[in-house]
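Please look over the two chains before reading on, and keep the structure at hand while the text leads from each chain to the contact between them.

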Amino acid sequence: MLGRLLREPLLHFLLLGAVLFVIFGRGGPEPSAGGTEIVVTTTDIQRIAAGFSATWQRPPSENELQGAINDYIREEVLYRTGLSLGLDKDDTIVRRRIRQKMDFFLEDTVREPDGSELRAFFDANANKFRVEPRISFRQVFLSSKRSNPKADAEALLPQLVASGPNVEGGSDPLLLPETFGLTPLSQINAQFGEGFAGELSKVESGHWAGPLKSAYGFHLVLVTAIEPSQLPPFEEVRDAVQREWFAARRAAVRDEQYQKLRANYHVRVEGLNGVRAGQ
Amino acid sequence: MRTSTAAIAAAIAALVTLQSDIFAKAQGASATGAGTDIGTFYKDEEAPLYKAPGYSPYAGRNYPTRVLWGDTHLHTANSLDAAAFGNTLGPEEAYRFARGEEVLSATDQRVKLSRPLDFLVVADHAEALGATVELKNGNPLLMADPTLKRWHDMMASGQGVDAALEIIRSVGTGTTPKAMFDPRLAKSVWQAYTGTAERYNDPGRFTALIGYEWTSNKSGNNLHRVVIFRDGKDKADLIVPFSAADSENPAKLWDFLDSYQDKTGGSILAIPHNGNLSNGRMFALVDFDGRGLTREYAETRARLEPVYEVTQIKGDGESHPFLSPNDEFAGYELWDKGNLDLTELKKPEMLQYEYARQGLELGLKLEKELGVNPFKFGMIGSTDSHTSLATAEENNFFGKHSGAEPSPERALHPFMQSADKSVTLFGWEMTASGYAGVWATDNTREAIFDALMRKEVYATTGPRMIVRFFGGWDFNPADAMTRSPAEVGYSKGVPMGGDLTAAPDGKAPTFLVAALKDPIGANLDRIQVVKGWQDAEGGLKDKVYDVVWGNADKRKLGADGKLPPVGSTVDVPNTTWTNTIGDPELITEWTDPDFDPKLRAFYYVRVIEIPTPRWTAYDAKKFGVSMPKEVPMTTQERAYTSPIWYTPKS
């Protein structure tokens with residue numbers, strides 16, 4: 001029991017913390033902004049060790065932990081001394097950083113939207129969430145390498161109508177599948193070339209038809225099913241609505257919040273003619 | 001309630017008995033035609049033992065039918081160097097751009113992809129993840145360090161490029177101030193990033209794989225790896241990315257990857273890149289510490305690094321003319337002047353350990369010695385762009401970093417210079433490349449990751465040509481004439497990334513090779529098979545075979561066995577070309593004419609497009625700039641598949 005306790009990293013942390021407390025509790029030679037006492041708390045040490053463990057997937061050795069703690073102390077000493085010397089005052093960098101922190105903070109004030117707000121956003125931006133039409137079809141290909149692929153396709157069409165798609169010969173190999181399950185129009189265009197899906201969606205289903213021109217040649221097609229564009233129910237796309245809502249709100253909120261804060265100030269610009277207080 | 005449960009239990013028991021009854025009958029004297037509850041069992045209805053084509057065209061077709069396009073290596077403002085170069089776009093903008101939306105670039109230019117990508121890996125540098133944003137913004141934690149303060153001041157006064165170069169150099173020499181690697185900075189950025197990835201991951205439509213880059217750059221020699229998770233935020237958040245500040249030794253990275261897998265039950269892989277900037281380290285015959293390779297090293301590397309990023313903005317790494325003097329297409333977009341930061345210039349003897357073709361060959365040699373091939377990798381392309389914009393098309397190229405986004409000056413602006421000023425790289429040397437083509441069964445994290453693991457992937461330098469490559473023992477010319485070559489390919493052979501072994505007596509490997517041009521791109525010049533092997537004396541050899549080509553009615557192999565060039569229709573000043581040469585689709589069956597069943601070998605496919613204008617030509621036209629004569633204005637884009645390996649039966 002005692003042996004296990006002695007091997008317990010937490011105990012090591014506590015002991016180290018106590019040692020550091022004694023060393024630094026006496027105070028440094030320089031007065032500094034946060035007082036002269038630097039306390040590396042157990043929580044600090046745990047945080048430092050956790051950072052190490054998360055990376056290495058193992059706890060730090062005593063040496064490694066000591067190094068990390070030393071680094072933390074060094075930082076704290078320099079940071080506090082810097083503050084006591086007023087290095088943060090009228091420093092563009094510090095001002096920018098604080099301004100950026102405010103921006104982050106204001107963005108964070110975008111509260112989680114409630115259901116009715118999301119729904120309103122969904123209704124107002126329905127096109128963002130609409131699922132495009134899908135078509136399932138089969139295709140038989142005649143390559144543009146032929147001297148007259150269009151005429152060959154037209155000649156092949158009656159054979160397909162009479163005997164079905166398993167007619168051998170008369171067509172060419174193609175790396176695209178012969179049979180497409182329900183496929184969104186944009187994906188059909190991405191594979192056959194711009195405009196093909198539009199032509200395909202005009203074809204009456206259930207009969208071999210064509211030829212339609214693609215980036216590769218001509219295709220006889222049999223449309224087997226068409227699923228029209230549809231707006232999925234709100235609940236089904238709620239996550240996506242929320243994502244889009246946040247993306248749209250983020251910039252707007254920064255500005256709204258700024259205007260609110262701005263209203264707390266009376267701004268007067270002196271000197272140059274024609275320069276007005278910015279909004 | 002109790003009765004109904006009992007009733008269900010009884011029904012299940014009855015079903016079980018009935019089924020075993022049916023099986024008993026089927027296996028036994030089924031000719032009796034005994035009646036069962038699902039109809040009379042007739043002998044001729046027994047499931048056939050051979051595979052016959054079924055009626056339903058969908059059933060049994062679980063092989064991938066659509067190639068997915070993506071970038072596995074994109075940097076955003078969360079990367080140290082990207083932010084220093086002025087990139088202000090984070091992962092959110094990167095996803096929106098990749099899925100096809102128009103965004104405003106860091107230099108305020110409107111930009112959109114010609115077509116959406118199917119997936120994206122935002123892979124920011126783990127080193128000081130997000131710290132540059134902090135540096136730029138003057139985080140007091142960082143400003144305490146004089147070097148960081150100086151870098152900050154440089155950035156604030158418009159010298160961001162110089163600051164970035166100093167930062168990169170300091171990582172190489174190990175002198176980056178420790179404050180930059182504060183885990184407190186990394187952790188919040190990492191978890192914010194995985195959260196964004198989660199929101200944009202839309203299974204079936206757009207996949208946001210979680211990843212990062214481990215940027216080992218010892219003495220400026222590039223050993224970088226992109227790390228990719230199969231898992232989501234829940235598992236990825238259990239770690240903080242292991243960075244080169246933790247260790248620059250790849251073996252230590254592998255330890256981390258394995259401990260992640262052990263601890264979380266998740267899956268993870270790493271993709272090395274830019275061997276061309278490693279000065280002989282990428283495919284070295286020794287490990288990071290200079291010791292000879294062991295079986296364990298080989299096993300670990302092969303297991304965790306299934307693919308190699310062979311082409312990207314900082315050059316193409318498939319082959320080098322010094323190593324392949326008889327290959328007239330070797331030496332595409334070469335970056336061979338030195339290591340990553342030009343602190344050490346290139347020596348010819350380094351090249352053999354840098355290029356993919358020789359890496360694959362060295363793998364055969366090592367497999368013979370160690371029993372395992374450490375360099376058994378497939379091939380993909382990716383951008384390594386630092387603009388949050390995954391652009392790889394010549395007419396839509398947004399450059400390596402925000403300072404190299406389209407402008408009249410970018411092509412002629414120096415990109416990097418060696419310390420002694422003897423070597424300068426210029427903006428025009430950036431390569432508008434590449435993408436990863438992935439034969440995944442579905443557009444999800446799991447399916448894409450699994451396809452990478454089985455190496456059923458290929459690289460392109462930007463165009464989205466479809467490439468199929470199958471190997472087996474029984475392909476014949478008629479297979480190249482069928483309507484659906486992929487169906488024959490999968491039923492009679494293995495796809496790219498696969499293995500052949502135990503050659504049947506008297507047979508040589510046969511391949512089904514096919515490519516289809518990008519629907520909005522250029523025709524194809526030719527398809528080549530690259531074979532590498534280890535001969536009986538242990539020598540490493542390779543040979544490039546032209547196996548099928550465009551305009552075959554007019555173009556014949558010359559007496560020297562070489563195919564004449566396809567010609568060119570490019571009008572450089574007007575940046576036009578026509579598809580009046582080459583073919584939109586090429587397909588053939590090919591049998592290795594020089595096969596020796598006793599020798600280890602690999603085969604991969606290289607597809608070459610007809611000449612088209614290079615991005616420099618589009619810049620020249622758009623900005624009215626005249627380029628010096630050393631600037632290439634045309635290009636022949638290409639694809640490289642993962643190999644198929646042949647291993648003799650021992």
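This is a predicted model: local features need pLDDT of at least 70, side-chain atom pairs count only at pLDDT 80 or more; totals for chains, interfaces and linings use all residues.

Residues are numbered from 1 along each chain as its sequence is written, and chains are lettered from A and ligands numbered from 1 in the order in which they are written.

Chain A holds 11 helices and 4 strands, where helices (H or I, at least four residues) and strands (E, at least two) are DSSP runs numbered from the N terminus. Chain B has 15 helices and 26 strands. Of the 279 residues in chain A, 22% are buried, a residue being buried if 20 or more other C-beta atoms, placed from the backbone, lie within 10 Å of its own. In chain B, buried residues make up 52% of 650. Two residues are in contact if their C-beta atoms, placed from the backbone, lie within 7 Å; among contacts in chain A between residues at least 6 apart in sequence, 66% join residues at least 24 apart, and for chain B the share that joins residues 24 or more positions apart is 73% of the contacts with a separation of 6 or more.

Where the chains meet, chain A contributes 35 residues and chain B contributes 44 residues. On the side of chain A that touches chain B, the elements giving two or more residues include α3 (42–56), α4 (62–84) and α11 (238–262) of chain A. The residues on this side of chain A divide into 15 nonpolar, 12 polar and 8 charged, with Ala, Val, Leu, Ile, Met, Phe, Trp, Tyr, Cys and Pro counted as nonpolar, Asp, Glu, Lys and Arg as charged, and the others, Gly among them, as polar.

The axes of α3(A) and α4(A), which are lines fitted to C-alpha atoms over the stretch in contact, come within 10 Å and cross at roughly 120°. The contact is made by A:D44, A:I45, A:I48, A:A49 and A:F52 of α3(A) together with A:E64, A:L65, A:A68, A:I69 and A:Y72 of α4(A), and by class it has 8 nonpolar, no polar and 2 charged residues.

In chain B, helix α15 (residues 615–623) has B:W615, B:T616, B:A617, B:D619 and B:A620 buried. The cover over the buried residues of α15(B) includes β23 (612–613) and β24 (634–635) of chain B. Just after α15(B), B:G624 takes a positive phi of about 60°.

Note on methods. A residue is buried if 20 or more other C-beta atoms lie within 10 Å of its own, exposed if 12 or fewer, and partly exposed in between; C-beta atoms are placed from the backbone. Axes are lines fitted to C-alpha atoms, for helices over the stretch in contact, and angles run from 0 to 180 degrees between N-to-C directions.
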